[in-house]
Amino acid sequence: MSDSSVHINHNGFREYDARWIYPKDINLAGIKDLGHGLGSQIITETKKQNPKVIVGYDYRSYSEEIKNSLADGLIAAGCYVEDLGLSLSPMAYFAQFELNADGVAMVTASHNENGWTGVKMGIKKGLTHAPEEMAELKKIVLNKQFINGKGKLKKIENFISRYKNNLILNNKIKKKIKAVVACGNGTAGIFAPDILRGIGCEVIEMDCNLDFNFPKYNPNPEDLKMLHAISKTVKDNKADIGFGFDGDGDRVGVIDNSGQEIFSDKIGLLIARNLAPQYPNSKFIIDVKSTGLFSQDKILKNNNCETILWKTGHSHIKRKVNKEKALAGFEKSGHFFFNQPLGLGYDDGINSAIQVCHLLSNKNKKMNEIVKELPITYQTPTMAPYCEDEEKYNVVDEMTKKFKDFKNNNTAVDGQKIKDILTVNGIRFTLHDGSWGLIRASSNKPSLVVVTESPTSEKRKKAIFDFIDHHLQSTGKIGKYDQKI
């Protein structure tokens, strides 16, 4: 198919961003239409004829040509495009504030395999598109409901140093921390080591040279191969901490000094506990898959801090942090959001790593000792049983009704009555001992999501799962699990 004929697979418009395999699912003419549609959307939303839009792109062999076509589309709508060149997603978000722009479009497929491309975009500063904006954009692009105007392009020189200096300036640490910084040959390699050195860390670089072939593994802090490699480097170098960054730098994975991975929801709690005495009366937002320890935590309680459970998904948490004026938000997938004065509300993996460094710097303890201060909980991985897209929300509604009945009838789960029910995103029920179970519909595939956690025992964690699974199976609409305990 030639580039003069537009090709766009409509499934590429996701809940919070757009992603396609290039050029199989989208060609350059399709990317130009995407830019034209986004530009039209920004003009309608801002009521400006020539809104200023930031663009950047990650280090993949084809990202620059995609960025150029996207910019052509934005210009066709009438946008004044400011091109940062090679960027991280958080650098593009920062530029929207720093350069006072009306929108942002970052070309990245994040941690997806080579062949994928995509765009993370936003209009209101610090926020990215939520499902409503994505649905609207899809309609504009596929129906060619374009606004035509006359825009222009301006290259912004050396913005990288402005982004780096902004993070370094306010974050100097007193204690010498030896940190392994692993970037999986992704774009974060030219950012993270310099910034962490700048705040005062001794940095051991690991795969920080840029190589768009990703010779070892995809830069993804949830990838076990990457985590195991970081763990080995931490132990070999007797480092204090290991950080693994994803392809576009908005997420981080953390390995302690003994080489153990710390789950992101626990890292979030440790950071919140460190911040609470400095910022009493703060709010923290966490997603519904996160540990129940937040609600029981004495340090958060003593500092009058409130934790709000919210919908899973970085756009949802970002918006909730913004709306509630929360100090920070933590998502179990490793997206962390820091609001003023710690950040500007968007997810930045390097800023998240900096907050972990502050935590280490404030305490005269090793990371594995700090983790041991948290009560032990027994938590399942995220388990996804197959459920048709047309059925999954009905099944969740049915489960919600059922579990509300269990609560009203005092039905016991492993000898415990249900104390609380939360229905902000599926159903999360909590028992009297703080154990909980979650059933929600996956936002991007035909499956449900099931998680359970117990502070009491491995046995109770399993019993809650068995209870949930029994009632899911009774619907007759559940297929195989991707993994289960």
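1. A182 is found in strand β7, where helices (H or I, at least four residues) and strands (E, at least two) are DSSP runs, numbered from the N terminus. At 1% relative accessibility, A182 counts as buried; buried means under 20% relative accessible area, exposed over 50%, and partly exposed in between, with a 1.4 Å probe and protein chains only. Keep in mind that this is a predicted model: local features need pLDDT of at least 70, side-chain atom pairs count only at pLDDT 80 or more, and totals for chains, interfaces and linings use all residues. Residues are numbered from 1 along each chain as its sequence is written, and side-chain values use heavy atoms, with hydrogens and water left out.

2. What does A182 touch, leaving aside its neighbours within four places in sequence? A182 is in contact with M206, M226, I230, F243, G244 and F245, contact being heavy atoms within 4.5 Å. For a sense of scale, the C-alpha atoms of A182 and H470 are separated by 42 Å, and the two residues are 288 apart along the chain.

3. On to β9. Five of the five residues of β9 are buried, so the strand is largely enclosed by the rest of the structure. In a regular strand the side chains alternate between the two faces of the sheet. In β9, I241, F243 and F245 point one way, G242 and G244 point the other way, and all are buried.

4. The partners of β9 are worth a look. β7 and β9 run parallel and are joined by four bridges; two strands pair if DSSP finds at least two bridges between them. V180 stands opposite G242 in β9. With β10 the pairing of β9 is antiparallel, over five bridges, and here G242 stands opposite I255 in β10. β9 and β10 form a hairpin with six residues between them, and G249 in the turn has a positive phi of about 75°.

5. Helix α7 covers residues 224-236, which makes 13 residues. From its first C-alpha to its last, α7 reaches 18 Å, close to the 18 Å expected at 1.5 Å a residue (the expected span is 1.5 Å times one less than the number of residues). At the N-terminal end, D223 caps α7, with a side-chain oxygen 2.7 Å from the backbone nitrogen of K225.

6. Which residues of α7 are buried? They are M226, L227, I230, S231, T233 and V234. Seen down the axis of α7, these buried residues fall within an arc of 165°, so they line one face of the helix; the arc is that of the directions from the helix axis to the C-beta atoms. What covers them includes β7 (178-182), β8 (202-206), β9 (241-245), β10 (252-256) and β11 (261-262). On the other side of α7, L224, K225, H228 and D236 are exposed.

7. Most residues other than glycine have a negative phi, and most peptide bonds are trans. K238, which follows α7, has a positive phi of about 50° although it is not a glycine. K238 lies in the loop between α7 and β9 and counts as exposed at 71% relative accessibility. N185 also has a positive phi, near 65°. N185 lies in the loop between β7 and α6 (192-199) and is buried, with a relative accessible area of 3%.

8. Where are the cis peptide bonds to check? A cis bond joins Y22 and P23, with omega about 5°, and P23 lies in the loop between β1 (18-21) and α1 (28-46). The bond from Q340 to P341 is cis as well, with omega near 0°; P341 is found in the loop between β15 (336-338) and α12 (349-362).

9. Finally, the cysteines. The structure holds zero disulfides, a disulfide being a pair of cysteine sulfur atoms within 2.5 Å. C357 is in no disulfide either, the nearest cysteine sulfur being that of C201, 3.7 Å away. C208 is buried at 8% relative accessibility, and C357 is buried at 0%.

Key
Polar contact = N/O pair within 3.5 Å; in protein donor to acceptor, adjacent residues only side chain to side chain.
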